[in-house]
Amino acid sequence: MDYDFDVAVIGAGPAGSTAAYLLNKSGFNVVIIDKSFFPRDKLCGGLITVKTLKFLERIYQDNEESLIKNDIINFSTNKFYFLNKKKKLEDGFTKIPTHFVERIIYDKHLLDKAIDSGVKIIYGEEVKKIDLETNKIVTSNGDTIHSKYIIGADGANSVVRKEFERKDLIDKNYWLSNLGFALETFVDKEKISIDKDTMYLFFGYIKIGYIWIFPNKEKAVIGAGGLLKNLDGNDLKDVISKFLLSYGVDKNTVEKCIKNIKGHPIPFGNFIRNPAHKNVVLIGDAAGFVNPITGEGIYYAHKSAELAAEAIIKDHKKQGILEEEYIKNINMFIIHELSKILKSRGLYFKFFNNYYLAKTLMYLMFRKINYV
Ligand SMILES: Cc1cc2nc3c(=O)[nH]c(=O)nc-3n(C[C@H](O)[C@H](O)[C@H](O)COP(=O)(O)OP(=O)(O)OC[C@H]3O[C@@H](n4cnc5c(N)ncnc54)[C@H](O)[C@@H]3O)c2cc1C
């Protein structure tokens with residue numbers, strides 16, 4: 001089939017759904033194409049920070065209370081504990097609770113908002129080819145989609161970004177230099193000797209990265225991640241396995257956890273400074289917008305979607321300014337912040353001991369923000 005739209009968004013994660021929702025509300029005829037059928041899961045710790053909550057409230061009028069009531073937020077806690085191996089670095093109560101979502105629910109919730117507002121969706125078709133000059137998209141079913149604008153919201157393995165690389169608009173080695181990788185599994189809360197309601201971060205196991213335990217209603221999500229160039233997938237499995245044994249998880253359960261383990265790349269400081277070409281832009285993980293210390297990406301997926309939507313709306317009124325507008329927007333609201341964090345990351349992990357790293361993480365994760 002042949003389709004024509006004003007905007008084609010590739011990927012229905014938090015980035016794609018938000019961009020589609022905002023552009024549709026501004027009168028554009030928008031389609032989202034996703035290779036999965038929804039609800040689909042996405043490997044993620046599901047921690048959403050205060051700034052994400054503020055964003056959801058401002059854009060969708062979803063507040064903390066409604067998100068909890070509708071089971072979009074799975075678990076909330078005020079308790080945190082940061083350690084260097086077994087040594088306590090920081091613990092305490094945060095004034096504002098930290099919330100955890102399950103991505104299978106969270107992403108469907110956001111996609112439903114887009115669909116309810118009138119966005120069209122093509123499920124279960126993978127985008128195979130994309131022409132950055134003519135804006136022609138070809139899917140795995142052989143469908144072709146033409147659109148004035150294309151938004152690449154297709155995550156860390158983005159095919160749209162690979163097309164940028166193929167055309168030398170982005171350097172592939174730059175992307176690989178700060179690419180991260182993370183493994184995640186889960187364990188029954190009763191099987192591990194930790195406080196069941198506390199979120200934990202453990203340093204000292206991974207050179208530039210950390211292990212986390214995030215509490216959910218029924219289970220504890222356990223993950224480990226860091227800079228890919230310093231890691232070996234099997235070593236990371238071994239790190240998790242030894243870690244679980246050291247926290248009293250029995251051998252059989254550890255084996256089960258390792259069997260359930262999944263891995264996924266995560267941008268970890270490889271944010272792209274010029275993720276735009278003519279009428280095509282990259283947002284979210286596809287553009288590498290993830291905090292290079294905490295690994296927080298959900299907020300930046302939402303925010304870059306809003307910035308891309310604003311740039312497209314302006315370009316529609318005054319042709320030919322999309323690249324300039326989008327790059328200006330992301331510089332101001334995303335790149336400036338991520339660059340500062342990346343610059344100091346080496347110091348925190350190598351020299352400042354984990355005490356200052358813990359303080360920085362507290363600031364990055366729990367700080368109160370008035371406007372996002
Ligand atoms: C283990 C792990 C833990 C994490 N924990 C957290 C956390 O606790 N908090 C946090 O804020 N961030 C976390 N992150 C980061 C967060 O998951 C990402 O930053 C976020 O998902 C980015 O959203 P996105 O919409 O850009 O991409 P995604 O959520 O990856 O969505 C991309 C979508 O594109 C679709 N797609 C991909 N390729 C194609 C194609 N060719 N054709 C059609 N569709 C395609 C996919 O099916 C998917 O639906 C974590 C990441 C990892 C790996």
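This is a predicted model: local features need pLDDT of at least 70, side-chain atom pairs count only at pLDDT 80 or more; totals for chains, interfaces and linings use all residues.
**Stop 1: the ligand and its shell**

Zoom in on some backbone atoms around the ligand. At lysine 35, a backbone N or O atom lies 3.0 Å from a nitrogen atom of the ligand. At glycine 46, a backbone N or O atom lies 3.1 Å from an oxygen atom of the ligand. Then go to isoleucine 298, where a polar backbone atom is 3.0 Å from an oxygen atom of the ligand. How much of the ligand does the protein bury? Taken alone, the ligand exposes 1000 Å², and the protein buries 95% of that.

**Stop 2**

Centre the view on isoleucine 283. Leaving aside its neighbours within four places in sequence, isoleucine 283 is in contact with Ala15, Gly16, Ala19, Ile151, Gly152, Ala153, Ser304, Ala305, Ala308 and Tyr326.

**Stop 2: threonine 98**

Move to strand S5 (residues 87–101) and pick out threonine 98. Is this residue buried or exposed? With a relative accessible area of 7%, threonine 98 is below the 20% cut-off, so it counts as buried. Show what surrounds it: not counting residues up to four places away in sequence, threonine 98 touches Leu47, Phe75, Ser76, Thr77, Met199 and Phe366.

**Stop 3: tyrosine 210**

Select tyrosine 210 in strand S12. Tyrosine 210 is buried too, because its relative accessible area is 6%, under the 20% limit. Beyond the residues up to four places away in sequence, tyrosine 210 touches Leu201, Phe202, Phe203, Gly223, Ala224, Gly225, Ile293, Thr294 and Met365. Look closely at threonine 294 in that list: the side chain of tyrosine 210 reaches its backbone oxygen at 2.4 Å.

For a sense of distance, draw a line from tyrosine 210 to histidine 146. The two are 64 residues apart along the chain, and their C-alpha atoms are separated by 43 Å.

**Stop 4: asparagine 135**

Asparagine 135 sits in the loop between strand S7 (127–131) and strand S8 (136–139). Its phi is positive, about 60°, although asparagine 135 is not a glycine. Asparagine 135 is buried, with a relative accessible area of 6%.

Which residues does asparagine 135 touch, not counting those up to four places away in sequence? They are Ile145, His146, Ser147, Lys148, Tyr149, Ile150, Asn279 and Val280. Two backbone oxygens deserve a click: the side chain of asparagine 135 reaches that of serine 147 at 3.2 Å and that of lysine 148 at 2.6 Å. Then find asparagine 279, which is 144 residues from asparagine 135 along the chain, with 7.8 Å between the C-alpha atoms.

**Stop 5: two backbone details in loops**

Go to the loop between strand S2 (30–33) and strand S3 (47–48), where proline 39 is found. The peptide bond that joins phenylalanine 38 and proline 39 is cis, with omega at about 5°.

Finish at glutamine 61, in the loop between helix H2 (50–60) and helix H3 (64–69). Its phi is near 55°, a positive value in a residue other than glycine. Is glutamine 61 buried or exposed? At 56% relative accessibility, glutamine 61 counts as exposed.

How values were computed. Residues are numbered from 1 along each chain as its sequence is written. Side-chain values use heavy atoms; hydrogens and water are left out. Contact means heavy atoms within 4.5 Å. A polar contact is a pair of N or O atoms within 3.5 Å; within protein, one must be able to donate a hydrogen and the other to accept it, and residues adjacent in sequence count only if both atoms are side-chain atoms. Accessible areas come from the Shrake-Rupley method with a 1.4 Å probe; for residues, only the protein chains shown count as cover. Helices (H or I, at least four residues) and strands (E, at least two) are DSSP runs, numbered from the N terminus. Buried means under 20% relative accessible area, exposed over 50%, partly exposed in between (1.4 Å probe, protein chains only).
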